[in-house]
Amino acid sequence: MKPHQAFITQFTIVVALVAPVHGDGEPVCLLSDTQTKNSISAFATLAPIFYDPRCFNCHGGVNPFHSTPKHPVVTKDFGFDSPKQFEQCQECHGNFPKWQLPLPSDFFVGMNVTQLCEHMKQSFGSDFGADDFVNHMRDDNGGIPAPFIDVAYEGTMGLNETGQELYEGPFPAPPPSMPRNIMLQNSQNWVKEMGGKFQKPTECGCMDMEYALRVKVAAVYHVPAPFINSVFNFAKPDTPEADLPVIPIHFKEGGSVTGVATVNLAGNARVQTPPIPLFGEDICNVTGSAVVPATVDGQWPQPGASGSSSEGQNIHIHLTLNKLSAQASVECTKGAGSSSSGSSGSYSFDFSLQPMVGATQTVPFNLPLPGFEGSVQVTLIRTM
Ligand code: HEC
Ligand code: HEC
């Protein structure tokens with residue numbers, strides 16, 4: 001065996017998966033894959049109420065301040081802050097003393113289902129938002145500032161005699177297509193699917209969100225005698241982040257985390273052999289590669305699971321690099337060869353990460369070799 005073939009060590013880790021990354025510093029959506037799927041479908045079941053004319057028209061669908069075929073008169077625009085703005089409505093909507101439009105920021109017009117979902121989460125906030133939302137959908141939180149949901153379900157639009165004379169069609173206008181008890185039930189279901197709470201960030205429970213671990217293995221191996229000047233750098237320190245391997249992770253029901261990926265390691269090193277009698281010293285370039293099955297398991301703080309609060313809890317990650325084995329080809333000034341090394345076993349690493357995009361931790365990577373010093377770093381990233 002040529003001495004240099006015994007060393008197939010240097011890897012620069014090469015991309016397994018290039019993933020777009022966003023949301024650094026943003027909280028991780030603490031919903032299981034199943035909860036996310038169920039929340040999205042629960043909101044989709046509720047969403048038609050927001051597009052029902054009895055709700056939608058007040059929320060931007062009808063603009064009485066501009067000429068519109070949907071409204072019999074164009075009223076004066078005194079500005080939202082002026083008491084006159086909605087007093088003038090009483091001429092026709094006088095059976096509902098607080099007939100008024102919401103602020104344009106609460107207009108449903110122009111929003112798709114996902115945007116409406118995010119809007120609801122944003123406008124009620126995360127702390128008691130889910131309860132406030134359900135109370136609003138039940139009866140405007142007891143009719144404050146006015147029982148808009150009641151009037152929508154009555155289908156009267158608050159129209160008095162003057163108003164009704166101008167109105168064509170069946171009166172009261174058919175109230176929302178979704179029965180009120182079903183609407184409330186659908187509102188509660190959506191909240192229930194999200195673990196009883198409006199989770200951060202805004203998109204959580206409204207759309208698919210995917211997370212992954214970016215893995216960086218770095219090590220230096222000072223190869224002991226008889227080799228000289230033989231330093232292997234595992235993973236070049238300057239490897240761009242986008243080129244590091246990524247292991248997609250999934251949050252499962254019951255609080256477990258899973259992830260499987262094949263991590264592709266490759267790279268090269270320069271090795272200098274000692275002078276060999278009649279041969280002289282040799283300089284070799286080692287090109288190595290390894291396909292390493294990587295697995296992730298661990299725990300994530302599932303909200304509402306086993307009655308415990310998930311606030312402030314970390315995501316625990318157990319990363320295993322399996323059968324760390326490699327193949328290499330060696331090209332020396334005086335000859336070439338190739339070799340593959342045997343399996344050197346599995347290595348596991350434990351991490352505790354804050355549930356934040358960008359959370360990162362580095363732990364030592366110690367092979368039982370004198371002169372070997374390494375570390376493994378994982379970073380939580382959002383890939384969708
Ligand atoms: C007469 C006009 C009017 C009607 C009809 C009406 N709303 Fe509203 N709505 C408002 C006003 C004004 C506000 C802002 C004041 C408040 O928060 O109660 C509001 C606020 C809201 C909010 C909280 C703010 C936001 O956009 O997130 C929701 C949710 C809502 N309405 C849902 C509905 C639903 C569902 C219906 C139909 C069943 C409906 N509204 C019918 C006027 C109306
Ligand atoms: C001269 C009478 C009159 C005045 C004044 C008036 N409206 Fe109306 N409004 C109506 C009538 C009639 C309808 C029903 C239109 C239809 O659907 O054909 C209506 C419908 C609406 C609707 C749609 C409600 C629904 O459930 O579809 C909104 C929103 C609305 N008006 C807002 C206002 C606001 C805000 C003002 C005051 C700034 C106002 N209106 C002033 C007569 C009036």
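# Helix packing, ligand shells and strands in a predicted model

The axes of H7 and helix H10 (residues 180-193) come within 9 Å of each other and cross at roughly 170 degrees. Axes here are lines fitted to C-alpha atoms, for helices over the stretch in contact, and angles run from 0 to 180 degrees between N-to-C directions. H7 and H10 are therefore roughly antiparallel; angles over 145 degrees count as roughly antiparallel, under 35 as roughly parallel, 65 to 115 as roughly perpendicular and the rest as oblique. On the H7 side the contact is made by Ala130, Phe133, Val134, Met137 and Arg138, and on the H10 side by Met183, Leu184, Ser187, Gln188 and Val191. Two residues are in contact if their C-beta atoms, placed from the backbone, lie within 7 Å. The residues of this contact divide into seven nonpolar, two polar and one charged. Ala, Val, Leu, Ile, Met, Phe, Trp, Tyr, Cys and Pro count as nonpolar, Asp, Glu, Lys and Arg as charged, and the others, Gly among them, as polar.

The model is predicted: local features need pLDDT of at least 70, side-chain atom pairs count only at pLDDT 80 or more, and totals for chains, interfaces and linings use all residues. Residues are numbered from 1 along each chain as its sequence is written, while chains are lettered from A and ligands numbered from 1 in the order in which they are written.

The protein has ten helices and twelve strands. Helices (H or I, at least four residues) and strands (E, at least two) are DSSP runs, numbered from the N terminus. Of the 384 residues, 31% count as buried. A residue is buried if 20 or more other C-beta atoms lie within 10 Å of its own, exposed if 12 or fewer, and partly exposed in between, with C-beta atoms placed from the backbone. Among contacts between residues at least 6 apart in sequence, 70% join residues at least 24 apart.

Next come the ligands. Around ligand 1 there are 21 residues, and the closest are Cys55, Cys58, Pro102, Asp106 and Phe148. A residue is near a molecule or strand if its C-beta atom, placed from the backbone, lies within 6 Å of it. Helix H2 (48-51), H3, helix H6 (113-124), helix H7 (129-143) and helix H8 (148-154) each supply at least two residues of this shell. By class, the shell around ligand 1 has 13 nonpolar, five polar and three charged residues.

Ligand 2 has 22 residues around it, of which Asn57, Pro64, Cys89, Cys92 and Leu166 come nearest. Two or more residues of this shell come from each of helix H3 (53-61), helix H5 (90-93) and helix H9 (161-166). H3 gives the most, with four residues. The shell around ligand 2 divides into 14 nonpolar, six polar and two charged residues.

Phe80 is found in the loop between H3 and helix H4 (84-87). Phe80 counts as exposed because it has 12 C-beta neighbours inside 10 Å. Not counting residues up to four places away in sequence, Phe80 touches Gln85 and Leu103. The C-alpha atoms of Phe80 and Leu103 are separated by 7.8 Å, although the two residues are 23 apart along the chain.

Some backbone angles stand out. Most residues other than glycine have a negative phi, and most peptide bonds are trans. A cis peptide bond joins Ile144 and Pro145, with omega about 0 degrees; Pro145 is in the loop between H7 and H8. The bond from Phe171 to Pro172 is also cis, with omega near -5 degrees, and Pro172 lies in the loop between H9 and H10. Asn141, which is not a glycine, has a positive phi of about 55 degrees and is found in helix H7. With 16 other C-beta atoms within 10 Å, Asn141 is partly exposed. Met157 has a positive phi of about 55 degrees and lies in the loop between H8 and H9. Met157 counts as buried because it has 23 C-beta neighbours inside 10 Å.

The strands remain. In a regular strand the side chains alternate between the two faces of the sheet. E7 pairs with strand E10 (residues 347-353) in the antiparallel sense over seven bridges; strands pair if DSSP finds at least two bridges between them. Ile317 stands opposite Phe351 in E10.
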